[in-house]
Amino acid sequence: MKYAYLKYPWGSEWCGMMLFCGKRNILLDSAVEEAFFPFLYDELKKHDLTVSDIDIIANTHSHGDHIGMNEKIVRFSGAEVLSFQHGLQDSSVIDGGDWRLEAIHTPGHSADSISFLELESGVFFSGDTFEGRGTRYAGVALYNDPAALLQTIEKVRCFYLDGRIKKMYLSHAYHETGGIIDGADVPSYLDLCRDTVLAYDRFIRSLPEDIDISEAGTLLRKEFFICEEVMNPRAAESTVRAHLRLKAAL
Ligand SMILES: [Zn+2]
């Protein structure tokens, strides 16, 4: 089983993808459209492949920076597309002959988030599910359902404790990770993800009731500072809204 972790440079960030090669070739996520040429061609060439050799694209979720090349790849290769919207369910297994990927439903960042676990190697690709302290794109961790995310964190911890996850690969350079979490560091990274959600929740609850959402987003970024400049200063508002929805529901 051969696999490669691809990182397409994107502003001050990058978008991660995962390629598993063999009898069938699968690309997990497809970054943004402009990654198609020359980036994808060059990366595939390193494995003696071209775009027409891609048999399957499986997406971790439907955000634009994860599905951007889907259409172009399908046009060139006729690849099958799999995702939560395209038939994947929790525990679905995609069998590529030389690799087998289990889809694990991991909601929190988005309701349709899926992570992929390669069953022989324990390689685990979790998309945007586990953002730690966030990226230079948003300056905070992004998710739309903090309660679902906390459950997902414990679900994946069980997979780790069962010895099934050996190495985690992430979709972006979440603060201080570089995108890869080695096996022994998985529990502490999951703790960091959990503690970040809980700390955001305490902070957002402490803000005045009538605070403006965009001001709350700015305050959240300042409180949990990871960098000076972010690519999308308004992105933090979606995490604020998610905590306000939770607060209203309880
Ligand atoms: Zn996303």
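The legends below accompany several views of a predicted model.

Figure 1. Residues are numbered from 1 along each chain as its sequence is written. In this predicted model, local features need pLDDT of at least 70 and side-chain atom pairs count only at pLDDT 80 or more, while totals for chains, interfaces and linings use all residues. The protein has seven helices and eleven strands, which are DSSP runs numbered from the N terminus (helices H or I, at least four residues; strands E, at least two). Its radius of gyration, taken over C-alpha atoms, is 18 Å, close to the 18 Å that the globule rule gives for 250 residues, so the protein is as compact as a globular protein of that length; the rule is 2.2 Å times the number of residues to the power 0.38.

**Figure 2. The buried side of helix α6.** In α6 (residues 213-223), the residues Ala 216, Gly 217, Leu 220 and Arg 221 are buried, meaning that 20 or more other C-beta atoms, placed from the backbone, lie within 10 Å of the residue's own. These four cover an arc of only 140° around the axis, which puts them on the same side of α6, the arc being that of the directions from the helix axis to the C-beta atoms. Their cover includes α5 (186-206) and α7 (236-249).

**Figure 3. The surroundings of Leu 28.** Leaving aside neighbours within four places in sequence, Leu 28 is in contact with Met 17, Met 18, Ala 58, Thr 60, Phe 116 and Phe 125, where contact requires C-beta atoms, placed from the backbone, within 7 Å.

Conventions. Buried ≥ 20, exposed ≤ 12 C-beta atoms within 10 Å, placed from the backbone. Contact = placed C-beta atoms within 7 Å.
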